Amino acid sequence: MNRNTPRNVLAAALVVLAAGLAPAQVSDYRKIEYPPLPKFDIPKPEIVKLDNGLQLFLLEDHELPLITIDAIVRTGSNYEPADKAGLADIFGQVLRDGGTARMSPDELDEFLANRAATIETGMGGDSGSATLDCLEEDFDDVLGVFRDILREPAFAEDKVELAEVQARTAIARRNDDVGSITSREFRRLIYGPDSALGRMMEYSTVAAITRDDLVAWHRRWYRPENVMLGVTGDFEARAMKAKIEKAFGDWKGGKAAALPAVPYREEPNPGIYFVEKSDVTQANIRIGHLGIERDNPDFYAVEVMNEVFGGGFSGRLINSIRTDKGLAYSVGGGIGSGYLRPGVFQVRMQTASKNLTTAIKAVESEIGRIISEPPSAEELKRAKEAILNSFVFNFASRRQILNQQMTFAYFGLPVNWLDSYRSNIDKVTAADVARVAKEYVHPDRLTLLVVGKSADFDAPLSTLGPVHTLDISIPPPPEAGPEVASGAESVASGRAIFARAVEKLGGAEPSSYRGFASEANMSLEVQGQTIPLKQKVVLVLPDRLRADMSGPMGNQTIVLDGDSGFVAGGGRVQDLPAPAIAEQRESLHHDLLFLVSHADSPELEIAGSAGSAEVGGERCDVVAVSYAGKRYDLCVAGDGRVLRESYQGKNPITRAPGQVEVTFSDYREVDGFLVPFGETQTVDGQKTLSITIESYDVNPEVDDASFAKPAPASN
């Protein structure tokens with residue numbers, strides 16, 4: 001027997017197979033022919049409307065023993081009062097975090113954690129949301145909690161306060177990220193800063209929000225006729241309908257109302273706008289104008305045009321500006337479409353500052369070319385294939401399918417909108433793309449926004465036209481503290497109170513105070529943990545400061561010397577930016593002995609008496625003083641000791657502004673001055689810092705070399 005026969009037969013078969021395939025091989029990938037895409041049927045949910053108006057969407061999925069509910073609520077941040085901007089976002093957070101009528105926030109967290117379940121709530125511009133995820137075996141119990149969150153939220157006061165602190169932190173940091181600045185300011189330029197679509201929350205609007213506002217918002221919007229519930233997972237539809245009916249069927253409803261119109265800038269706002277951001281090496285750019293609405297009959301032709309123009313690595317923007325010219329790593333864009341109002345046509349680009357004007361001209365050239373040069377047959381084919389081939393990835397799960405169907409129903413699109421999407425894309429011609437480009441892209445209406453470091457630009461931005469510089473500085477928080485009585489009598493009373501403190505703390509010659517040197521132990525409170533620190537401080541008035549801090553994370557030195565300063569630590573030395581220097585200089589002014597020693601300064605003013613208070617069981621009189629325009633409230637005991645100081649400052653961890661209160665204790669005499677050796681600081685009622693002074697010298701001898709900037713450590 002020939003042992004090689006099977007191998008020989010296999011080899012012969014492979015030769016025959018290869019010979020059969022040879023004629024089909026191609027040398028150019030662009031000539032490969034693919035079979036038509038198979039038919040893809042989108043599962044349809046069962047839709048039920050309860051008697052009270054609540055809409056229920058059901059789509060079974062028995063692959064895993066899990067059940068999910070996604071709720072859409074007819075509301076949104078676009079409908080909040082302008083003077084309470086931020087209300088909707090805070091509501092969306094506290095709706096879940098604030099507990100229910102039956103469960104405290106902690107009990108709610110523990111209940112869900114014990115079942116590996118989650119419930120989340122939130123708020124978008126035109127809708128509210130709530131989600132539930134749990135095991136099928138726990139669904140009945142978790143559904144009851146979900147029901148209570150939607151129908152009977154408690155809005156615990158401490159959770160409202162926490163959400164407001166987090167909102168203030170977000171405001172404080174909103175200018176940190178250059179991309180966020182660019183997106184935000186471009187949207188404001190397109191829709192208008194006074195429109196809800198361009199509005200921002202500020203410290204003043206957050207300060208105006210109360211728990212009662214959240215309750216009123218819930219009463220207005222969270223009604224069954226405004227709610228859609230989509231359920232996917234391991235259930236039987238008829239049983240699920242009964243459970244939802246039991247949980248929500250007795251929720252009293254009314255007549256459903258459409259969302260009110262949101263005004264926005266409809267006229268073009270062409271021009272060149274600039275935001276200085278000196279700590280970046282790349283310029284962020286947006287160019288565009290208003291787009292279209294989703295129900296526009298030209299939507300499909302616009303989708304194809306977008307793919308030709310800015311569709312990833314096959315689009316003209318990438319091929320021209322990145323690949324051919326090497327002007328940008330990131331560039332893209334197209335005409336946006338909104339459900340309730342026009343989206344935005346925009347081109348987004350990041351480029352090296354040295355290429356700024358060259359890159360802008362290249363983008364403007366491509367904007368003109370999409371109008372003047374219709375897509376080639378190859379471009380059109382590639383664009384349509386990219387859209388159609390990626391279509392199925394919009395439906396990777398049944399939950400995703402259900403959410404798409406609910407969204408279309410929520411915004412009033414036809415129920416068969418998705419079914420006809422692919423055929424409508426396939427019908428688009430090159431002539432259609434050329435027509436919509438001419439109709440919806442307007443080079444004469446372009447708004448151009450640049451965020452970057454002007455000193456590094458290849459040419460002044462003004463070479464492209466008149467430039468409007470935008471001010472993105474954050475308005476300060478409103479003054480807090482007790483109300484100050486008006487009139488001469490109040491001012492006289494305030495002067496007497498302050499004079500009492502000057503006499504007690506400042507000794508015989510308060511004006512002789514020129515600074516101090518101290519060593520102290522500090523405890524920083526961070527998210528429930530206490531971090532021990534040691535601090536040495538040398539202050540020489542009016543504006544020289546050295547602070548050396550050491551702790552678990554290492555050592556750090558901050559030096560301020562007039563109009564300059566630096567921070568050193570970890571072998572690195574960095575100059576302090578101008579805003580940080582201004583903040584450090586201002587921080588010197590709330591030192592008690594600084595205020596006392598400046599009693600006769602023209603920059604110190606007595607606003608008046610602000611009533612009385614109690615600190616640690618001791619009564620004190622409150623006087624409002626201001627130095628260089630900044631208000632400080634001092635609570636002065638009968639013997640002249642300052643028991644508490646209050647002012648608008650910043651949280652030492654989050655850097656968010658807040659009402660700072662410093663309580664003083666353990667007063668000791670040092671060289672004729674009375675100095676508190678104990679301090680406890682709170683921000684918005686939350687303890688942040690405590691200080692125990694170990695040593696304190698008034699008007700010490702200071703070595704000028706201690707303020708010198710060190711050379712960075714060599715590697």
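In what order do the six strands of the open sheet lie?

**View 1. The open six-stranded sheet.** The strands line up as β10-β12-β8-β13-β7-β14, and their pairing is mixed. Strands here are DSSP runs of E with at least two residues, helices are runs of H or I with at least four residues, and both are numbered from the N terminus. Two strands pair if DSSP finds at least two bridges between them. At the edges stand β10 (330-335) and β14 (467-469), each with a single partner strand, so one side of each has no neighbour in the sheet. On average, neighbouring strands are turned by 20° against each other, direction ignored.

This is a predicted model, where local features need pLDDT of at least 70, side-chain atom pairs count only at pLDDT 80 or more, and totals for chains, interfaces and linings use all residues. Residues are numbered from 1 along each chain as its sequence is written, and side-chain values use heavy atoms, with hydrogens and water left out.

View 2. Strands β7 (residues 271-276) and β13 (residues 447-452) run parallel and are joined by six bridges. Look for phenylalanine 274, which has valine 450 of β13 opposite. Helix α10 (residues 299-310) lies across β10 and β12 (344-352), at about 160° to β10. Angles run from 0 to 180 degrees between N-to-C directions, with axes fitted to C-alpha atoms, for helices over the stretch in contact; contact means heavy atoms within 4.5 Å.

**View 3. Two stacked ring pairs.** There are 23 aromatic pairs in the structure. Rings of Phe, Tyr and Trp (its six-membered ring) pair if their centres lie within 6.5 Å, and planes under 30 degrees apart count as stacked, over 60 as edge-to-face, the rest as tilted. One of them is the stacked pair of phenylalanine 391 and tyrosine 421, 5.3 Å centre to centre with 15° between the planes. Phenylalanine 391 belongs to helix α13 (residues 377-391) and tyrosine 421 to helix α15 (residues 421-427), 30 residues apart. Phenylalanine 391 is buried at 3% relative accessible area, where buried means under 20%, exposed over 50% and partly exposed in between (1.4 Å probe, protein chains only). Phenylalanine 516 and tyrosine 696 are stacked too, at 5.0 Å and 15°.

**View 4. Arginines over rings.** Arginine 294 has its charged end over the ring of tyrosine 339, 4.6 Å from the centre. Arginine 544 does this with phenylalanine 707, at 4.2 Å. The cut-offs are NZ of Lys or CZ of Arg within 6 Å of the ring centre and within 35 degrees of the ring normal.
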